[in-house]
Amino acid sequence: MQRTTLQTLALYAGLAAVCAILLFPIYWLFVTALSTLAEIRALPPSFWPAEPQWSTFAKVASERPILLWLLNSTLAAIGSVGLSMVVSVFAGYSLSRFSVKGGRSLGLFILTAKMLPATLLVIPLFGIFRSLGLIGSLWSLVLAHATLIIPFTTWMLKGYFDTIPRELEQAAMVDGCSPLGALFRVVLPVATPGLAATALYAFVLSWADYAYARTFLTNAQGSWTANLGITTMKGEYVTDWNEISAAAVFVAVPIILIYLFLERYLVGGLTAGAEK
């Protein structure tokens with residue numbers, strides 16, 4: 001049954017409204033960064049500043065080590081994603097392909113571990129990292145983030161590997177591949193959309209962390225991540241919300257760029273299960 005023109009217009013209007021609601025916070029963050037303090041406090045608020053203060057971004061970049069904070073966040077996120085993906089690929093593939101006693105219970109246990117709140121692990125992790133001399137190091141964040149990321153990414157990849165026919169690996173092994181060679185040469189190339197979607201999730205989770213960064217990093221600004229550094233920009237008596245918003249834009253841009261780069265893989269990873 002074909003949609004009428006009115007139904008199509010209603011559908012697109014609904015989609016436009018949903019997109020506007022979802023994107024408005026990002027737009028307002030950008031507007032706040034370009035506004036003066038007087039415009040920010042004005043009632044009713046202005047939806048676009050009279051004279052956009054583009055210099056706010058340059059001021060934040062020159063007066064605050066925002067680029068260093070972004071570098072620290074990037075290094076911590078890349079390390080967390082790398083470690084988590086290596087462990088999750090082998091763990092998810094093992095749960096998907098090998099039938100072992102208690103395998104299903106193990107998979108449910110891994111998923112249950114994801115439900116533990118991050119604050120529950122802060123104290124034991126702090127004790128472990130202090131004994132290893134990792135407090136103040138980005139390695140503490142990499143390992144801490146991995147404890148949160150690995151359970152869910154393992155479950156995600158296990159579900160994706162389940163959709164890949166076993167006959168592909170069997171054919172590769174008939175042609176002379178070892179089981180490990182079949183994984184790297186056949187399964188992982190086919191699973192590229194699932195790997196991209198999982199890696200994006202892991203990167204966002206690490207990038208958005210504040211609790212672990214606040215606990216494990218020292219008071220030296222050179223070791224801070226971007227989220228931790230932004231919280232220090234709030235003044236005791238006066239807060240320059242335009243500068244905080246400009247710093248937040250700096251933090252948001254890498255995630256937006258990564259999403260745009262991985263979008264085609266992400267969509268493929270989310271829909272592949274239904275297609276197969």
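Which residues in α7 meet which residues in α10? In this predicted model, where local features need pLDDT of at least 70, side-chain atom pairs count only at pLDDT 80 or more, and totals for chains, interfaces and linings use all residues, His145, Leu148, Ile149, Phe152, Thr153, Met156, Leu157 and Tyr160 in α7 meet Pro193, Gly194, Leu195, Ala197, Thr198, Tyr201, Ala202, Leu205 and Ser206 in α10, a contact being heavy atoms within 4.5 Å. By class, this contact has twelve nonpolar, five polar and no charged residues. Residues are numbered from 1 along each chain as its sequence is written, and side-chain values use heavy atoms, with hydrogens and water left out.

| Pair | Angle | Axes |
|---|---|---|
| α7 (residues 138-162) and α10 (residues 192-207) | roughly 160° | within 10 Å |
| α4 (residues 66-97) and α9 (residues 179-190) | about 100° | 13 Å apart |

α7 and α10 are therefore roughly antiparallel (angles over 145 degrees), whereas α4 and α9 are roughly perpendicular (65 to 115 degrees). In α4, Val89, Phe90 and Tyr93 meet Leu180, Leu183, Phe184, Val187 and Leu188 of α9, and the residues of that contact divide into eight nonpolar, no polar and no charged.

Leu195 of α10 also touches Met85, Val89, Leu157 and Leu188, not counting residues up to four places away in sequence. Leu195 is, with Leu141, Phe161, Tyr212 and Phe216, among the residues with the most contacts inside the largest nonpolar core, which has 48 residues; such a core is a set of buried (under 20% relative accessible area) Ala, Val, Leu, Ile, Met, Phe, Trp, Tyr and Cys residues joined through side-chain atoms within 4.5 Å. The largest share of this core, nine residues, comes from α4.

Terms used. Axes are lines fitted to C-alpha atoms, for helices over the stretch in contact, and angles run from 0 to 180 degrees between N-to-C directions. Helices (H or I, at least four residues) and strands (E, at least two) are DSSP runs, numbered from the N terminus. Angles under 35 degrees count as roughly parallel, over 145 as roughly antiparallel, 65 to 115 as roughly perpendicular and the rest as oblique. Ala, Val, Leu, Ile, Met, Phe, Trp, Tyr, Cys and Pro count as nonpolar, Asp, Glu, Lys and Arg as charged, and the others, Gly among them, as polar. Buried means under 20% relative accessible area, exposed over 50%, partly exposed in between (1.4 Å probe, protein chains only).
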